[in-house]
Amino acid sequence: MTIDTAAPPTISVEFVRTAVTLAQETGVDLSACLREADIDPHVLTRPGARLTTDQVTRLTRALWQMTGDELMGLGSAPVRRGTFRALSLTMIHRPDLGSALERMVDVGRAFPGVPRGVLMRGGGRARLELVDSPTMIADQLSPEAAEAAQRIRIEFLLILWHRFSAWLIGRRVKLLSVQVPFPEPQHPSPRVYDDIFGVHVTFGSDVAALEFDDAIMASPLVQTEESLEEYLRESPNRLFSERDYGSSAASVVRRALALGAMGRASTTTDIATMLSISVPHLRRLLRQEGTSLGQLRDEVLRDAAVAGLERGETAEEISSRLGFSEPSAFRRAFKRWTGMTPGSYRSHA
């Protein structure tokens with residue numbers, strides 16, 4: 001079965017739905033922002049619906065423009081546009097990742113609304129902890145919505161710290177642990193968080209934190225002011241689209257499905273051989289992570305199909321490219337993945 005290796009990952013609609021709910025509670029109308037991102041509000045009500053990274057990027061930019069706040073009201077005070085650029089410029093000329101993160105923590109204190117981090121090193125580990133602080137919109141929200149706002153901020157900042165660090169040194173930053181202080185969610189699946197960070201995420205911790213091997217802190221920065229400007233021009237697309245940092249079995253298998261054997265690694269034996277492990281060991285690893293080869297293959301195909309529809313391909317073209325026996329089989333699979341037919345999805349895109 002041929003896989004579209006160029007297809008970016010898609011994003012669960014749950015993340016955007018939460019943001020829209022928060023806006024509604026504070027009396028903010030996001031209809032213009034949703035139009036700018038080509039997101040039909042009805043899609044947000046569909047369980048299992050997916051959004052492209054381009055749609056979420058455009059929505060985020062529209063929210064930045066509307067609020068003038070890089071944290072969109074989720075900080076303790078407004079974070080003025082250009083703050084992330086200023087922080088990044090103070091980091092980019094540091095010699096290594098450790099000193100860059102130390103600079104981020106120190107300089108971040110000077111910017112109102114920027115959540116504080118604490119960097120601790122010792123015993124062969126480095127720990128980047130997020131200092132808890134209320135969002136400035138907390139008093140306008142119900143207790144449930146205030147918890148959701150805090151969760152979104154934590155998710156966004158941990159992803160930003162992790163993936164921007166990887167970009168700075170030009171290689172994957174393997175995490176040892178991720179802790180978050182909110183309870184395990186029902187939607188999206190907790191396994192989605194494991195896939196985002198490449199390690200099992202611990203819910204219900206006292207604080208939000210990333211832990212990694214202290215040796216990575218000595219990695220030299222490979223980026224320049226010029227490459228930083230390019231990164232910022234694309235922001236926040238890379239945060240949403242680049243997930244090739246994971247080291248979990250599911251992350252590795254997903255990459256094997258998308259990139260291995262000219263896209264034709266379709267059986268459990270094929271994937272196990274590519275990874276140089278036995279089939280029982282592969283199944284056991286995936287089972288421990290709450291997934292399976294079939295589920296991962298569906299996710300890769302789903303993302304490829306959504307990307308094809310966004311490019312204007314017909315269901316017949318996508319069906320043929322992804323190796324389905326006939327278009328009707330592809331249509332059934334797509335509805336099972338997203339709750340929508342390809343035609344309905346295209347009309348709402």
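Which residue in E7 stands opposite Arg 125? That residue is Asp 213, and the notes below start from the sheet around this pair.

1. Ground rules. This is a predicted model, in which local features need pLDDT of at least 70 and side-chain atom pairs count only at pLDDT 80 or more, while totals for chains, interfaces and linings use all residues. Residues are numbered from 1 along each chain as its sequence is written, and side-chain values use heavy atoms, with hydrogens and water left out.

2. The sheet. Five strands form an open sheet: 5 strands in the order E3-E4-E7-E5-E6, with mixed pairing. Strands here are DSSP runs of E with at least two residues, helices are runs of H or I with at least four, and both are numbered from the N terminus. Two strands pair if DSSP finds at least two bridges between them. The edges are strand E3 (117-122) and strand E6 (201-202), each pairing on one side only.

3. Strand E7 and its partners. Strand E4 (residues 125-130) runs antiparallel to E7, joined by 6 bridges; strand E5 (residues 175-179) also pairs with E7 in the antiparallel sense, over 4 bridges. Phe 212 in E7 has Ala 126 opposite it, and Leu 175 stands opposite Phe 212 as well. Strand E7 (residues 208-213) is mostly covered, with 5 of its 6 residues buried (buried is under 20% relative accessible area, exposed over 50%, partly exposed in between, with a 1.4 Å probe and protein chains only).

4. The cores. Phe 212 turns up again in the largest nonpolar core, which has 84 residues; Leu 101, Leu 158, Phe 164, Phe 197, Phe 212 and Phe 330 touch the most other members. Helix H6 (residues 143-169) gives the largest share of this core, 12 residues. Apart from it lies another core of 14 residues, including Ala 250, Ala 272, Val 279 and Leu 286. A nonpolar core is a set of buried Ala, Val, Leu, Ile, Met, Phe, Trp, Tyr and Cys residues joined through side-chain atoms within 4.5 Å.

5. Phe 197 up close. Leaving aside neighbours within four places in sequence, Phe 197 is in contact with Leu 158, Ile 159, His 162, Leu 175, Val 178 and Leu 210 (contact means heavy atoms within 4.5 Å).

6. Arg 153, worth a look. Arg 153 is found in helix H6. This residue is buried yet has no salt bridge, and the nearest side chain of opposite charge, Asp 132, is 4.1 Å away. A salt bridge needs a side-chain nitrogen of Lys or Arg within 4 Å of a carboxyl oxygen of Asp or Glu; Lys and Arg count as positive, Asp and Glu as negative, and His and the chain ends are not counted. Not counting residues up to four places away in sequence, Arg 153 touches residues including Leu 74, Gly 75, Pro 115 and Asp 132.

7. Backbone points to check. Ser 235 and Pro 236 are joined by a cis peptide bond, with omega about 0°, and Pro 236 lies in the loop between helix H8 (225-234) and helix H9 (237-241). Asp 38, in the loop between helix H2 (31-36) and strand E2 (50-52), has phi near 55°, a positive value in a residue other than glycine. Met 72 also has phi near 55°, and is found in the loop between helix H3 (53-67) and helix H4 (83-91). Asp 38 counts as partly exposed because its relative accessibility is 37%, and Met 72 is partly exposed at 24%.
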